[in-house]
Amino acid sequence: MKQFLTLDDLPNLHQAISDGILLKKDPYAFEYIGNRKTLGMLFFNPSLRTRLSTQRAAQQLGLKTMIMNFSNESWNLEFEDGIRMGGLSSEHIKEAAGVVSQYCDVLAIRAFASLTDKEKDEQEIVLNSFIKYSNIPVINMESATSHPLQALADAITIKENNLIKRPKIVLSWAPHPKALPHAVGNSFVRMVKQLDFNFIITNPEGYELDPKITGDIPIINSQKEALKGADFVYVKNWSSYSNYGKILRTDEEWMLTKEKMKITNNAKFMHCLPVRRNIVASDDVLDSDDSLVIEQANNRTFAAQVVLKRILENG
Ligand code: CP
């Protein structure tokens, strides 16, 4: 594997899930593989889990890490070609990517959506510019449109906790006071589509994810109807896609509560974190034994380890 931008870069998701579970049992089994190599981690947005789990994954593979926060530590980068740089940007991506790739063997990048310009966000300018102007592999640590490391960790978590042949998985929109990107929802959909699950999405009208990604997956506007018989409930907020980046409603009606969980088949609760308590989900859901959120975060390490190992094995 030469790069990891979306889940499609994994040749076999089932194999990647199994590899993650094996690495979890013996995290240092491939400690030699990253010897004398460095992972550069570039953040254009904040992170807790992604930063620490990817760093831990790297360490368990013997890699050294370098971390740069572009929001407050580095020069403002210019991504447009041929521009006269008379504004705020002090350095062009051509030099920055060329320089960084001298210091590192693999790059991991986090660069969220602007949520103001759909076309630009879908071009994934930050990720694609680093790919274009660096000559080393690039890993997506959440881009404008996808968060594949989260989706792989979620797939590992479902595999570990699933007791039946074809579980019902529900992806439910939830309220949030801020406009959030679609990346987690998109990658979760892409992941579940590759596995043989009974899958349904529920969201209020106007909050449909990109139809190019959801395809023929059933989408219903009744959360209660969707939750009936669910084995896993994955809750996540995203802003409107059709009315790009806009918040259409913030009311509590869609918050996941213990009462709603009673409609399910004793479902496990999932969320990528960070989560706003008593807005996205109630305390009693998050604190219940059915919540998998801490396990999901733990599995981020092994998802990152699977991806890093494959990239390192590629030479
Ligand atoms: N789930 C996730 O990506 O968490 P962070 O934003 O804290 O990295």
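Domain bounds here come from an automatic or database domain assignment. We're working with a predicted model, where local features need pLDDT of at least 70, side-chain atom pairs count only at pLDDT 80 or more, and totals for chains, interfaces and linings use all residues. Residues are numbered from 1 along each chain as its sequence is written, and side-chain values use heavy atoms, with hydrogens and water left out.

**Exercise 1.** Work out how the two domains are laid out and how much area is buried between them.

*Solution.* Start with the bounds: domain 1 takes 7-146 + 300-313, and domain 2 takes 150-296. Next, take the centres over C-alpha atoms; they sit 26 Å apart. Then look for contacts (heavy atoms within 4.5 Å): 27 residues of domain 1 touch 31 residues of domain 2. Finally, get the buried area, meaning the accessible area (1.4 Å probe) that two parts lose on being put together, summed over both. That comes to about 2300 Å², with carbon and sulfur atoms giving 64%. On the domain 1 side, Leu-7, Leu-115 and Arg-300 lose the most area to domain 2, together 27% of what that side buries.

**Exercise 2.** Find the salt bridge across the interface of domain 1 and domain 2.

*Solution.* Apply the rule: a side-chain nitrogen of Lys or Arg within 4 Å of a carboxyl oxygen of Asp or Glu. Now check the pair Lys-24 and Glu-160: they form a salt bridge, with the closest N and O atoms 2.9 Å apart.
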